[in-house]
Amino acid sequence: MRYYRTTSHSRYDLKVHVVFIPKYRKRILHGHIALKLRDLIRQICTEIDVQIISGKVAPDHVHLFVSYPPHLSISSMMQKIKGKSSY
């Protein structure tokens with residue numbers, strides 16, 4: 001049986017694979033910066049009820065495969081993740 005997430009009025013299984021890059025695709029995501037970014041993404045996703053199925057921080061991009069609630073659009077989810085992690 002598939003695993004469905006539920007809210008008070010819906011059952012859903014919305015998953016999306018997103019990839020985002022730093023400006024000019026510079027190779028800056030390594031070492032302690034990559035660890036800090038990974039922790040920030042986990043924290044932000046927990047706050048907005050997004051479940052990370054898998055993810056990888058490469059030196060020049062980030063892969064995320066996530067399950068998100070239906071009240072949250074993909075663009076607003078990524079705006080929150082990228083906005084807070086850019087600082």
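Where in the protein chain is confidence lowest, and where is confidence highest? Hi everyone, let's start there. What we have on screen is a predicted model, and its mean pLDDT over the protein chain is 93. Of its residues, 99% reach 70 or more. Confidence is lowest in strand 1, residues 5–6, with a mean of 90, and highest in strand 5, with 97.

Three strands form an open sheet in the order 3-5-4, and the pairing is antiparallel. Why is one side of strand 3 and of strand 4 left without a neighbour in the sheet? Strand 3 (15–20) and strand 4 (51–57) stand at the edges, and each has a single partner strand, so one side of each has no neighbour there. From one strand to the next, the twist averages 10°.

Let's zoom in on one pair. How many bridges join strand 4 to strand 5? There are six, and these two strands run antiparallel, with strand 5 covering residues 62–67.

Next, the helices. Helix 1, residues 32–47, lies across strand 3, strand 4 and strand 5. Its direction is at about 165° to that of strand 4. Helix 2, residues 74–85, also packs on the sheet, where it touches strand 3 and strand 5. The angle between helix 2 and strand 3 is about 45°.

Two loop residues deserve a look. Arg25 sits in the loop between strand 3 and helix 1. Its phi is positive, about 55°, although Arg25 is not a glycine. Then there is Asp49, in the loop between helix 1 and strand 4. Asp49 is not a glycine, yet its phi is positive too, at about 65°. Are these residues buried, exposed or something in between? Arg25 has 42% relative accessibility, so it counts as partly exposed. Asp49 is also partly exposed, with a relative accessible area of 40%.

Last stop: the largest pocket, with a volume of about 280 Å³. It is lined by 14 residues, and the closest to its centre are Leu29, Leu37, Ser85, Ser86 and Tyr87. Which elements give two or more residues to this lining? Those are helix 1 and helix 2. Helix 1 gives the most, with five residues.

How values were computed. Residues numbered from 1 in each chain as written. Predicted model: local features only at pLDDT ≥ 70, side-chain atom pairs only at ≥ 80, totals over all residues. Heavy atoms only, no water. Pairing = 2+ DSSP bridges. Helix = DSSP H or I, 4+ residues; strand = E, 2+ residues; numbered from the N terminus. Axes fitted to C-alpha atoms, helices over the stretch in contact; angles between N-to-C directions. Contact = heavy atoms within 4.5 Å. pLDDT = per-residue confidence, 0-100. Buried < 20%, exposed > 50% of the residue type's maximum accessible area, 1.4 Å probe, protein only. 1 Å grid on protein atoms, 1.4 Å probe; cavity = no way out; pocket = protein on both sides within 12 Å on 5 of 7 lines; lining within 4 Å. Points joined across faces, edges and corners; volume = space filled by probe spheres on them.
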